Amino acid sequence: MTTFTSYNAQPAVRIPLLQTGVPGFDQILGGGFPAHSLYLIQGLAGSGKTTLACQIGFQHAHQGKKVLILTLIAETHGKMLNHLSSFSFFDEKLVGERIVFLGAYNELLKGGLRELLKSIASTLADQRPDIMIIDGFRTVREAKPSDVALSEFMLSLNSLVSTMQCTTFLLSPTEGNVADSENTLVDGLIELSQYEQGLQLIREIKVFKLRGSKHLLGRHVFEVGEDGVAIYPRLEAVSTVSGATPAVSRQRLGFGIEGWDKLTNGGVARGSTTALLGNPGVGKTLMGLHFVFDGLQRGENCLIAGFYESPLRLLEKSASVGMDLKPYYDSGALEIIWHPPLEVLVDALAQEILRNVERRGVSRLLMDGLDGLREIVIHDGRSRSFLAALVNELRCRNVTSFFTQELPYFGTGPAHSEVSASMLFENIILLRYVDVRGINRRQIGVLKLRENSYDAANHILLITDNGMTIEGAVFGPVVPPQTL
């Protein structure tokens, strides 16, 4: 008869998290790295491995912790220090005291993996570091140990750093999640890579695995600047994890346009998203500025984000039709985020917008140029999901948003090759030119206005020195609008 030993269940001990201090990284990691574990950071030459690891090291050295950097075959310590000195996180006073550089290649060369492990154990016992970084770890594989010997080395190293309570990062110029001992026997695998489209190249980071943590899946963009690495978690992943539910409001916000608020029965619902579609020059941006100006006059904080017109140009445009936005801009009630649609990281822009919204309590947002936003989403097929995530995040923050989108000068074809995104917007307003007795007039009409009654007729829209006003209804055949 088989007997089974009974064990009393012990309460699980939560592993403390080592926060990296790298912008955006801890959010991807689910709060940080579970401490006292072994991690592999991999990526081809120039991907940013050494910068990322040393940035983490210097962050903790500034907090009084000790960091050990062991090098195998890698750049010399002098070159590494010279490279790191260009970043703001570098502090020469910490080198030699809180950050110690040592070489370990000779031990590997003389005695193989056994001697290397022995040397690491001796160094850990002597230095007692909180964090260890081993640069040039590919040298271990190139020493051509057997698979069994390499697996034994990785298991022993993992056990050693756990016993010595030293969070350890191995840096290797490799790529891919393959079934090698380096990948399978570490507690976490992070890869830095590059994505190329046309002439544009962006950096990306991906967490393949992280034991004991609920990390964000997929690829996330990052950049390396004077402050080191800054990571921008992919908005869709962040929005999915947050699980926030948008609030529902019965309050209506007006457009600030004479006659139009009456025709729309008070305007749009607070927290809703509106698409302003129209031909070039028809008045989309101006209508959005009316909406922003109305909010500012009511004491609300507002935000404009755009790609084509600079802050000075927008202030001049609004002033030319009787809306003086400059006092609100000078006081900080209005802020304008402007990026020409060139090499802009779309997740960085989204983060900038959402942080501005939270910091200032923004209630109204004008996103001037949906086409520009789509142009900076360089991954094929992503713009729809990104836009859905952005709209959802704005709704959850109870921001009432206007998005302008350009339609062609002529014709009735789609304005964009993607599948219609109209379901992302509660409200859709169409502005276009119409021939009225031989004169091109501006026409405005509501295509969709959820949870509100409205005048469905098309109306003449006038723009004068005093702004926009609405005239009587336009009757006659209507050309089908373009889809979003």
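## Two helices side by side

Helix 4 and helix 6 are roughly parallel to each other, because their axes cross at roughly 5° and angles under 35 degrees count as roughly parallel. The axes of helix 4 (residues 105-127) and helix 6 (residues 147-163) come within 10 Å. Do keep in mind, as you look around, that this is a predicted model.

Which residues make the contact between helix 4 and helix 6? From helix 4 come Leu113, Leu116, Leu117, Ile120, Ala121 and Leu124. Helix 6 answers with Ala149, Leu150, Phe153, Ser156, Leu157, Leu160 and Val161. Sorted by class, this contact of helix 4 with helix 6 has 12 nonpolar residues, one polar residue and no charged ones.

Nine strands make up an open sheet with mixed pairing, in the order 5-4-6-7-3-8-9-10-11. Strand 5 (99-103) and strand 11 (228-232) stand at the edges, and each has a single partner strand, so one side of each lacks a neighbour in the sheet. From one strand to the next, the twist averages 25°.

Within this order, strand 3 (residues 38-42) and strand 8 (residues 188-197) run parallel and are joined by four bridges. One place to look is leucine 40, whose bridge partner in strand 8 is leucine 189. Helix 6 comes back into the picture here: it lies across strand 3, strand 6 (131-135) and strand 7 (167-172), and runs at about 120° to strand 3.

## The hairpin at the edge

How do strand 10 and strand 11 pair, and over how many bridges? Strand 10 (residues 219-225) and strand 11 pair in the antiparallel sense, over five bridges. The two strands form a hairpin, with two residues between them. Glycine 225 stands opposite glycine 228 in strand 11.

## Glutamate 236

Our last stop is a single residue. Glutamate 236 sits in helix 8 (residues 235-242). Its relative accessible area is 13%, and because buried means under 20%, glutamate 236 counts as buried.

What does glutamate 236 touch, leaving aside its neighbours within four places in sequence? Its contacts are Asp347, Arg382, Ser385, Phe386 and Ala389.

Definitions and conventions: Residues are numbered from 1 along each chain as its sequence is written. This is a predicted model: local features need pLDDT of at least 70, side-chain atom pairs count only at pLDDT 80 or more; totals for chains, interfaces and linings use all residues. Side-chain values use heavy atoms; hydrogens and water are left out. Buried means under 20% relative accessible area, exposed over 50%, partly exposed in between (1.4 Å probe, protein chains only). Contact means heavy atoms within 4.5 Å. Axes are lines fitted to C-alpha atoms, for helices over the stretch in contact, and angles run from 0 to 180 degrees between N-to-C directions. Angles under 35 degrees count as roughly parallel, over 145 as roughly antiparallel, 65 to 115 as roughly perpendicular and the rest as oblique. Ala, Val, Leu, Ile, Met, Phe, Trp, Tyr, Cys and Pro count as nonpolar, Asp, Glu, Lys and Arg as charged, and the others, Gly among them, as polar. Two strands pair if DSSP finds at least two bridges between them.
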